[in-house]
Each structure stands twice: as structure tokens, then as C-alpha cells.
Amino acid sequence: MSILSSRASSIRASFLLNMALLFAPSLFFGAELQPAQAAEGGALQAGAAKIDITPASDAALPMSGYASRKEGFQGIHDHIYARAVVLSDGARTAAIVAWELIGVPDGVWETVSQRVAKETGIPAEYLVLAAVHDHSAPAPFGMYGNDSPKSAVYTKQVEDATVEAIRKAKQSLQPAKIGTGTGKAYVNVNRREYSSEDGWWLGYNDKGPSDKTLAVIRFDALAGKPIALLINYAVHAVVMGGENYQVSGDLAGATSRYVENYYRGSPEDAPRSDAGRALQVRPEETSENVVALWTSGAAGDQNPVSLARGSDFSMVDTLGKILGEEAVRVAGAIHTTEHGHIWGKQQLVTCPGRKVEPGPLPRKEYKWEESDAVHIRLGLLTINDIALAGVSGEVLTMIQERLKKESPLNRIVMVTHANGSSGYLPDDAAFGQVSYEIATSRLKPGCAESAIVNGLVNLMKERFGEKAEGRRQKRTRQSAEGVCGKKS
Ligand SMILES: [Zn+2]
């Protein structure tokens, strides 16, 4: 009971803190701790760890993501993890953490970020704490109003595991190299489908916008063995549906598992000789403990191309293999550098809220009620000119498209479900088609898209100043040449 009441009071405290912050016009945290004008980096160090956060098989905790499930989980299909990568440039240290859970509730973010700062010395602005949006995992306490005491106990265990993963990763820091690259995977599809019966609702819309980019950031030891890979792709981890009561990392877990097994290089798992040269395991890269940390991109309106019924997990492994293979191919072509300069900053933006009037969903006509303002936490963590753009919610894909166009940087990885949970974050145009994401969003139209894009672009400009402007102009010129062909 004491754990529960102290948790409740810490959640109350974070709520009060949030309310206090609401009245400040512009919010930047921790700038004093690690100022932007600090030295321009040095030699990069990296370390990684993963901690098993699978609950006991008979714990029967509530699951999250499908309202239809009223019972707790009934067993474990595959284990779920908290994965951490810690980076240092000598002056500054940052941590990137991914939970194989559905989200990071705002109150949990407050608690964990404060604990991480206190217990590992990494300030909140240098922490990216993301969930993979796994719908086959225990529900965190506070997620979608979950107030189960059993979930509170479990969430505390996940918090402990997070601090432990960061501590272990930090202890294993070693001189490292970093690089990034992108490829394509045809595993996601826009899920906002129109029908005359339901209007816009959940479905399969291969004409709708969908970004096939799979991004990888690679962290190697100096000799070239991978320490960790950060994988980013825009898809809901929902191959398994509401009929599944087995705990699983779903698509995110299957992708990480494939990549981690791949680098172990065991002959029985090796790709076929005719699977392509880029997929052949290079002996000098094999390692027992590579950490493949999966993060979700702008996946608010993106589902897997195929969904499973019941408890048939074969499609999870299939799609995870396709994503994992592309991650490995991308990683193999990445050029790395030993230089590291780390910079982080976060900003809380606030948009007016609304909620749909009670009634069946979907329906022909929607009316809206006034509701609380929605806070969205934006985080920018840069390592050299690689930018992790964290957003605390389910970003629809066109917001990322606009960010890519307007960003002063070329190498951006948007990490969603990061550092809090603001729900669905649709682009302005999407509000005109009331799909599931719009009906359940807590936002009024007309604010979030610009708030997210401008907020992140401003953070990039704050870090890079005029240099960033130069990069963007150069890129615009290059892409203009690409469209028009070579100048004569
Ligand atoms: Zn979702």
C-alpha cells in the first residue's frame, strides 16, 4: 500500500507541476545545466543495455490499446524490454530509452525523468523516453485513465528498470562511432479509410499518405562492432488485435529481436546466400549483445499492411523480419564518425482542447464539447547534425512531411510517444475528415501542426543558428537540381 500511496502523491505532485507550468508562456528546462555554448563536442562514447520488463506470467495485469479487452493478460508470448542507449561527448551525456509498452503517461514521464536526473545525472532535456506503442503489453498506470493498483506496482517496476538500464548503459560507455542512414520498407499503410456507411474510420487506404522511410542510427565500437542500432519507422505496433491476451512486443519487439539475433551471427539463423549481399553477416560485426532499440515515427495514421486474428503471431514475425532485414541493410551502408557533439532541449507547447460529444463511434454527425488544453512536449536531441525530434503523442504522417520540408537539418528522426502522452496529434487538413484519430484526439483543429513544426524548427535553429540555415538552403538547392536536372 505504501508504494501505491507514494505513487499517487508523486503523480499528484507532477500534475500540480504541470498546472504551474501551464501558466508560463514559454518553457525551456535545464538550459543552465548543459548550455548550448559549451565546447563543440569531442570524442563520442556510447553504451547500451536492455532490461526485461516482462511481468510474471500469472500477473493478469490490464492490457492497453483496445477498449474491447476487459480482462488482464493470460500469458506471455514473447518477452518485452526497456532498451537504453547512453551517449557522451565528454561534456554532456544523453540517454535514449524505448519501452515495449503503449505509451509514457505524463505523470510517469515526470517521475522517471526526475529519477533519471537524480540517480544517473542525465537531465530531463537529455533524455528521450519513448514507447513503441505496443498494444499487446501491460497498461502503464495513468495511461488512458488506467488507475489499477496492480498497474501502479508494475509501472514502478518499469521505472526502476529504466533507471537500471540507463545506469548499466552508462557504465558500459566506450569510445564509439556514430552514423545514420535510411532505407524503405513496405510494411505500413495509411489506415484512414472512407466508406459511405462509416465515413472516415479505421481501415486500409493505400491512396493515403504513408512514409516508407526506415531510419537507422548506428553506434559502433571503434573496431567496428555495433554497440546499438536505433531503428525508426512509422507504424502502429498493432499486428496483434483486441482478441490477443498474450504479452508480446508485437512488431517492434519482433524487429528488435531479428536485428539482435542477426548480429549474434548464429549459423542456423543466418540469411540465405541468395538473400542479397547487404544481408550477409560480416564476421567482424558479430556481437552477442547488440541492442536494437525500436522507436515509432509519425505513425498516428499508419497501421501494418496485414493484421492478425486471435493469437496467431506468425504475421508479427514476418513483418518484423522484413523491417529487421531492411534495418540491417541500411546499417551496413552507414559511414560513421568518432566525433560527437550532443545537445538537448525540450519545450512544452499548449493547444486548445475539445472532446467529442458522447455517443456511438463512428457516426454520421459529430459535435464537440470544450475540454482542457493539451500540452505537447517537444524534445530535440542532436548528436552532431543528427536530430532526434521527440513528440509526446501520436503524430499523423503529414506533420512529419512538413517538418522535413521546413527543417534546417537534413537528418531528422522523429520519435513519437516520447516524454509524455498527448494523444493523437493530427495535421490541420486531417481534421476535415473525422476518422478514429480525429474523433479521439483531445485537440481543437488549427494548432498542433504548426506548434509542433515551428517548435522543433526553432529548437534546431537555437542549436545550429545560421549554420542550420545554410544547410537548409544547400539542401533546397540540391533537391531543386534533382527536379530540374543538371544545369547546362
Ligand atoms: Zn495509437
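The chain has eight helices and 21 strands, where helices (H or I, at least four residues) and strands (E, at least two) are DSSP runs numbered from the N terminus. This is a predicted model, in which local features need pLDDT of at least 70 and side-chain atom pairs count only at pLDDT 80 or more, while totals for chains, interfaces and linings use all residues. Residues are numbered from 1 along each chain as its sequence is written.

Of the 488 residues of the chain, 50% count as buried; a residue is buried if 20 or more other C-beta atoms lie within 10 Å of its own, exposed if 12 or fewer, and partly exposed in between, with C-beta atoms placed from the backbone. Among contacts between residues at least 6 apart in sequence, 80% join residues at least 24 apart, a contact being a pair whose C-beta atoms, placed from the backbone, lie within 7 Å.

Not counting residues up to four places away in sequence, V97 touches A82, R83, A84, V128, L129, A130, T162, A165 and I166.

Strand β2 (residues 45-52) and strand β4 (residues 81-88) pair in the antiparallel sense over eight bridges, two strands being paired if DSSP finds at least two bridges between them. Strand β2 is also joined by two bridges to strand β7 (residues 174-184), again running antiparallel, and here A46 stands opposite Q174 in β7. Strand β2 is mostly covered, with seven of its eight residues buried.

A further set of three strands forms an open sheet in the order β9-β8-β14, with antiparallel pairing. Since β9 (199-205) and β14 (302-304) stand at the edges with a single partner strand each, one side of each is left without a neighbour in the sheet. Neighbouring strands of this sheet are turned by 55° against each other on average, direction ignored, as judged from axes that are lines fitted to C-alpha atoms (for helices over the stretch in contact), with angles running from 0 to 180 degrees between N-to-C directions. Strand β8 (residues 188-195) is joined to β14 by three bridges, and the partner of N190 in β14 is Q302.

Among the helices, α2 (residues 106-120) has 15 residues that at 1.5 Å a residue should span 21 Å, which agrees with the 20 Å between its end C-alpha atoms; the expected span is 1.5 Å times one less than the number of residues. The buried residues of α2 include W109, V112 and V116, and just after this helix G121 takes a positive phi of about 80°.

T255 has its place in helix α4 (residues 250-264), and it counts as buried because it has 32 C-beta neighbours inside 10 Å. Leaving aside neighbours within four places in sequence, T255 is in contact with I231, W294, G320, L323, G324 and A327. T255 and A327 are 72 residues apart in sequence, yet 8.7 Å apart in space, C-alpha to C-alpha.

Definitions and conventions. Contact = placed C-beta atoms within 7 Å.
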